[in-house]
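This report goes through a single protein chain, from its overall fold to selected side-chain contacts.

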Amino acid sequence: MKAVIYSPNSGSPQLARAIRRLERDVLRMGALVEQSCRLSHQALFARDLQAAEELPRLDKKIDRFYRQIESDCTSIMTLQAPTAQDLRCLSAFMQLVRDLERIGDYAKDLADIAVKIFPYPPHQSLPEIAVMSHHAQAMLATSLVALADLDEVGGRSIKNLDDTVDSAYDRLYQTLAQQRDLPGVVEPIILLALAIRCLERMADHSTNIGQRVAYIVTGQRS
């Protein structure tokens, strides 16, 4: 992924360097979140418990980036003299990294679900849920490319992808909720319902990232 092409209007080289540093950190954080999503997918659908064990370590790294970026944005806003465009970018970054942090949390939740559901036989809905997971991961990747390129159109287009995930969520929820004559415990059904909710929320946060990219470019909120 190439570096962000945002060019601060401020005449201060120090401020320009600080914002570019922030941009690089946001993309590094995004790469860690993408890795978390891949590992959670592997844990849940390939029944790879070793992948699940990697998530807490990654989540701590993501949280450190989140706190650092938020602190750096606040410092620049209060200690330097950013222009209106710079402030728009900084405020969007502060909101955007919160979305990334939440996606990372949901990936960790999916890994926890994978561990809990491991003793049970694979459910018939798992292949369809795996497709939903792939769509959510594609949305995150698209939002990060839009950020790296400062692509307003790409950022706004993610909303269309979100409709696919929402439809899958509604369909799968109905399938799980209406299942009858369950032999034994119902825990696997509850866990899968939680899993699709995590994926739906991950997609929503990716949509938010795309909207924030558009705001950085245009100054207009959707």
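## Overall fold

The model is predicted. The protein chain has six helices and zero strands, so that its elements, read from the N terminus, run α-α-α-α-α-α. Along the principal axes, the C-alpha trace spans about 70 × 35 × 25 Å. The radius of gyration of the protein chain is 19 Å, which agrees with the value near 17 Å that a compact globule of 222 residues would have.

Of the 222 residues, 48% are buried. The accessible surface of the protein chain is about 10,700 Å², and carbon and sulfur atoms hold 52% of that surface. Among contacts with a separation of 6 or more, 83% are between residues 24 or more positions apart.

## Salt bridges

Side chains of opposite charge can pair when their charged atoms come close. The count for this model is ten salt bridges.

| Glu 54 | Arg 57 | 2.6 Å |

Glu 54 is partly exposed at a relative accessible area of 31%, and Arg 57 is partly exposed at 39%.

What does the bridge between Asp 99 and Arg 212 tie together? Asp 99 belongs to helix H3 (residues 84-117) and Arg 212 to helix H6, so the pair ties together parts that lie 113 residues apart in sequence. Asp 99 is buried, with a relative accessible area of 3%. Arg 212 has 18% relative accessibility and also counts as buried, because the cut-off for that class is under 20%.

Arg 171 counts as partly exposed at 44% relative accessibility, as does Glu 128 at 30%.

## Cysteines

A disulfide is a covalent bond between the sulfur atoms of two cysteines. How many disulfides does the model contain? The count is zero. Cys 37 is in no disulfide, and its nearest cysteine sulfur, that of Cys 198, is 11 Å away. Cys 73 is in no disulfide either; for Cys 73 the nearest cysteine sulfur belongs to Cys 89, at 7.9 Å. Cys 37 is buried at 4% relative accessibility, and Cys 73 is buried at 0%.

Is Asp 162 buried or exposed? With 4% relative accessibility, Asp 162 counts as buried. Asp 162 lies in helix H5 (residues 152-177). Apart from neighbours within four places in sequence, Asp 162 is in contact with Met 139, Ala 203, Asp 204 and Thr 207. Its C-alpha atom is 10.0 Å from that of Arg 201, which is 39 residues away along the chain.

Ser 133 is in helix H4 (residues 126-149) and is buried, with a relative accessible area of 4%. Which residues does Ser 133 touch, not counting those up to four places away in sequence? They are His 41, Phe 45 and Leu 199. Ser 133 and Ile 62 are 71 residues apart along the chain, and their C-alpha atoms are separated by 20 Å.

## A nonpolar surface patch

Val 186, Ile 190 and Leu 194 make a nonpolar surface patch of about 260 Å². Of these residues, Ile 190 lies in helix H6 (residues 187-218).

Note on methods
Residues are numbered from 1 along each chain as its sequence is written. This is a predicted model: local features need pLDDT of at least 70, side-chain atom pairs count only at pLDDT 80 or more; totals for chains, interfaces and linings use all residues. Side-chain values use heavy atoms; hydrogens and water are left out. Helices (H or I, at least four residues) and strands (E, at least two) are DSSP runs, numbered from the N terminus. Buried means under 20% relative accessible area, exposed over 50%, partly exposed in between (1.4 Å probe, protein chains only). Contact means heavy atoms within 4.5 Å. Patches are made of residues with over 30% relative accessible area and no salt bridge: like charges are joined within 9 Å, nonpolar side chains (Val, Leu, Ile, Met, Phe, Trp, Tyr) within 5 Å. Accessible areas come from the Shrake-Rupley method with a 1.4 Å probe; for residues, only the protein chains shown count as cover. A salt bridge is a side-chain nitrogen of Lys or Arg within 4 Å of a carboxyl oxygen of Asp or Glu. A disulfide is a pair of cysteine sulfur atoms within 2.5 Å. The radius of gyration is taken over C-alpha atoms; the globule rule is 2.2 Å times the number of residues to the power 0.38.
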